[in-house]
Amino acid sequence: LAQLLERTGDTDGAVAAYEQAVSLQPDLRALREQLFMLYHNLGRNTEAARNLEAMQSRWPDDGLRIRAAARVPGFPDSVAEIQELRAGLMHRIEALLAQGPLHVADPVRDIGLTPFYLAYHGMNDRELMTAIARLVRSAYPGRQRPSQPRRTGRIRVGFVSRYFYSHSIGRLNHGAIAHLPREKFEVSVYALDNRADPVVKKLESLRDLL
């Protein structure tokens, strides 16, 4: 019921249904996950933080620890709040890295969150994104492959998203990918979704054929 209400845009009804379901089945982690993501996506940061703390208390795994450290709350009210959020983010990441070994079997499932809202701060995110990548890599080194030498001398850049279709992400990024000067950049595009529509076809046509 909560999922159906969420899909129809009745977020208040969805929240109420999820909260009721959690009270009835507190050990069903999927319910907490859905409720947390709904609060997070709505910018209801206090409720999102409260649910994440409850999840960490019940399931104290490294995936949730990383999620809590790297989570970027949405919709800040001022530049001062943005700066405070960013400083807190870096502090949490460095503190978690200093605590010792971490392990996640599947980052997508176990961490389940990216610092998406950093893009709305209008600031240079490179240092923070590098720190987050270092944190995730410390817990999930992935497959180790020898680095490949550049074949063209150009800078290699990849664009990865599950929203590269007729979605705001696909439509907004199409122009940026299309107009990167190919004499300087070697472009790859990875659409992590199996649907096909005109935006997908446009994006696929933009990747360099290597």
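Q: Is I66 buried or exposed?
A: In this predicted model, I66 is buried because its relative accessible area is 1%, and buried means under 20%. I66 sits in helix 5.

Q: Which residues is I66 in contact with, leaving aside its neighbours within four places in sequence?
A: Contact means heavy atoms within 4.5 Å. I66 is in contact with L96, L102, V104, I111, L135, V136 and A139. A C-alpha distance is another way to read the fold: I66 and I132 are 66 residues apart along the chain, and their C-alpha atoms are separated by 9.0 Å.

Q: What does the relative accessibility of A68 say about this residue?
A: A68 is also found in helix 5. At 22% relative accessibility, A68 counts as partly exposed, because that class lies between under 20% and over 50%. Beyond the residues up to four places away in sequence, A68 touches L52, Q56 and R92.

Q: Where is E33, and which residues does E33 touch?
A: E33 has its place in helix 3. With a relative accessible area of 18%, E33 is buried. Not counting residues up to four places away in sequence, E33 touches M55, L64 and R67.

Q: How is empty space found in a structure?
A: Rolling a probe the size of a water molecule over the atoms shows where empty space is left.

Q: What volume does the largest pocket have, and which residues are the closest to its centre?
A: The largest pocket holds about 2,200 Å³ of space. It is lined by 45 residues, and the closest to its centre are L113, T114, P115, V160 and R162.

Q: Which helices and strands supply at least two residues each to that lining?
A: They are helix 3 (29-42), helix 5 (62-70), helix 7 (107-110), helix 8 (126-139), strand 1 (155-161) and helix 9 (168-178). Helix 8 gives the largest share, five residues.

Q: How do the residues of the lining of the largest pocket divide by class?
A: There are 26 nonpolar, ten polar and nine charged residues in the lining of the largest pocket.

Q: How many cavities of 30 Å³ or more are there?
A: A cavity is a space where the probe fits but cannot get out, whereas a pocket is open. The count here comes to one cavity of 30 Å³ or more. About 30 Å³ of space lies in the largest cavity. Its lining is made up of R71, V72, P73, L85, R86, L89, R92, L118 and H121. By class, five of these residues are nonpolar, one is polar and three are charged.

Q: How many aromatic pairs does the whole structure have?
A: Two rings pair if their centres lie within 6.5 Å. A search of the whole structure finds four aromatic pairs. One of them joins Y117 and Y120: the centres are 6.3 Å apart, with 50 degrees between the planes, and the pair is tilted. Ring pairs also link F75, F116, Y117 and Y120 into a cluster.

Q: Are Y117 and Y120 buried or exposed?
A: Y117 counts as buried, at 10% relative accessibility. Y120, at 60% relative accessibility, counts as exposed.

Q: Which residue lies over the face of W59?
A: That residue is R58, at 6.0 Å from the ring centre of W59.

Conventions: Residues numbered from 1 in each chain as written. Predicted model: local features only at pLDDT ≥ 70, side-chain atom pairs only at ≥ 80, totals over all residues. Heavy atoms only, no water. 1 Å grid on protein atoms, 1.4 Å probe; cavity = no way out; pocket = protein on both sides within 12 Å on 5 of 7 lines; lining within 4 Å. Points joined across faces, edges and corners; volume = space filled by probe spheres on them. Helix = DSSP H or I, 4+ residues; strand = E, 2+ residues; numbered from the N terminus. Nonpolar A, V, L, I, M, F, W, Y, C, P; charged D, E, K, R; others polar. Phe/Tyr/Trp six-rings, centres within 6.5 Å; stacked < 30°, edge-to-face > 60°. Buried < 20%, exposed > 50% of the residue type's maximum accessible area, 1.4 Å probe, protein only. Lys NZ or Arg CZ within 6 Å of the ring centre and 35° of its normal.
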